[in-house]
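Morning, everyone. Let me put the model on the screen, and then we'll walk through it.

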Amino acid sequence: MSISYNKMWKLLIDKNMKRKDLKEKAEVSQNVMARLSKNQAVTMETMEKICSVLQCDIGDVMEFIPDEIA
């Protein structure tokens with residue numbers, strides 16, 4: 001199963017925010033932003049900060065994508 005943060009990037013566009021703005025307001029590191037950009041796992045603490053800044057629920061910023069069964 002993989003993670004997608006596409007919902008978060010779309011929400012940033014809707015809120016007219018840049019990734020840099022999110023990084024600063026959520027007080028997360030550049031490393032965390034890089035992990036998000038690569039759809040890699042981050043801590044729940046990080047997701048809580050992001051959801052707080054964006055005033056949304058975790059399901060509004062990320063989703064799990066099932067692996068295709070061959």
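First, a definition: helices here are DSSP runs of H or I with at least four residues, strands are runs of E with at least two, and both are numbered from the N terminus. This is a predicted model, so local features need pLDDT of at least 70 and side-chain atom pairs count only at pLDDT 80 or more, while totals for chains, interfaces and linings use all residues. Residues are numbered from 1 along each chain as its sequence is written, and side-chain values use heavy atoms, with hydrogens and water left out.

Start with Lys 7. Lys 7 sits in helix H1. Lys 7 is partly exposed, at 34% relative accessible area. The cut-offs: buried is under 20% relative accessible area, exposed is over 50%, and partly exposed is in between, with a 1.4 Å probe and protein chains only. What does Lys 7 contact, leaving aside neighbours within four places in sequence? Gly 59, Asp 60, Val 61, Met 62 and Glu 63. Contact means heavy atoms within 4.5 Å.

Val 61 is in the loop between H4 and S2. Buried or exposed? Val 61 counts as buried, at 0% relative accessibility. Its contacts beyond four places in sequence include Ser 4, Tyr 5, Met 8 and Leu 11. Met 47, Cys 51, Leu 54 and Cys 56 are also among the contacts of Val 61. Val 61 and Tyr 5 are 56 residues apart in sequence, yet 5.9 Å apart in space, C-alpha to C-alpha.

Tyr 5 has its own list. Beyond its neighbours within four places, Tyr 5 is in contact with Leu 36, Asn 39, Gln 40, Ala 41, Val 42, Met 47, Val 61 and Met 62.

That brings us to the core. A nonpolar core is a set of buried Ala, Val, Leu, Ile, Met, Phe, Trp, Tyr and Cys residues joined through side-chain atoms within 4.5 Å. The largest one here has 21 residues. Tyr 5, Met 8, Leu 22, Leu 36 and Leu 54 have the most contacts inside it. Which elements give two or more residues to this core? Helix H1 (6–14), helix H2 (19–26), helix H3 (30–37) and helix H4 (44–54). As background, nonpolar side chains tend to be buried together in soluble globular proteins.

Back to H1. Its buried residues are Met 8, Trp 9, Leu 11 and Leu 12. Seen down the axis of H1, they fall within an arc of 160 degrees, so they line one face of the helix. That arc is taken over the directions from the helix axis to the C-beta atoms. The buried residues of H1 pack against H2, H3 and H4. On the other side of H1, Lys 10, Ile 13 and Asp 14 are exposed.

Next, helix packing. Axes are lines fitted to C-alpha atoms, for helices over the stretch in contact, and angles run from 0 to 180 degrees between N-to-C directions.

Take H2 and H3. They pack at an angle of about 130 degrees, with axes 10 Å apart. H2 and H3 are therefore oblique to each other. The classes: under 35 degrees is roughly parallel, over 145 roughly antiparallel, 65 to 115 roughly perpendicular, and the rest oblique. Arg 19, Leu 22 and Lys 23 of H2 meet Gln 30, Met 33 and Ser 37 of H3.

Now H2 and H4. Their axes come within 9 Å and cross at roughly 110 degrees. H2 and H4 are therefore roughly perpendicular to each other. On the H2 side, the contact is made by Leu 22, Lys 25 and Ala 26. On the H4 side are Lys 49, Ile 50, Val 53 and Leu 54.

Stay on H4 for Thr 46. Thr 46 is buried, with a relative accessible area of 10%. Thr 46 touches Val 28 and Val 32, not counting residues up to four places away in sequence.

Last, two backbone points. Asn 16 follows H1 and has a positive phi, near 55 degrees. Asn 16 lies in the loop between H1 and H2, and is exposed at 71% relative accessible area. Gln 55 also has a positive phi, about 55 degrees, although it is not a glycine. Gln 55 lies in the loop between H4 and strand S2 (63–65). Gln 55 counts as exposed, at 70% relative accessibility.
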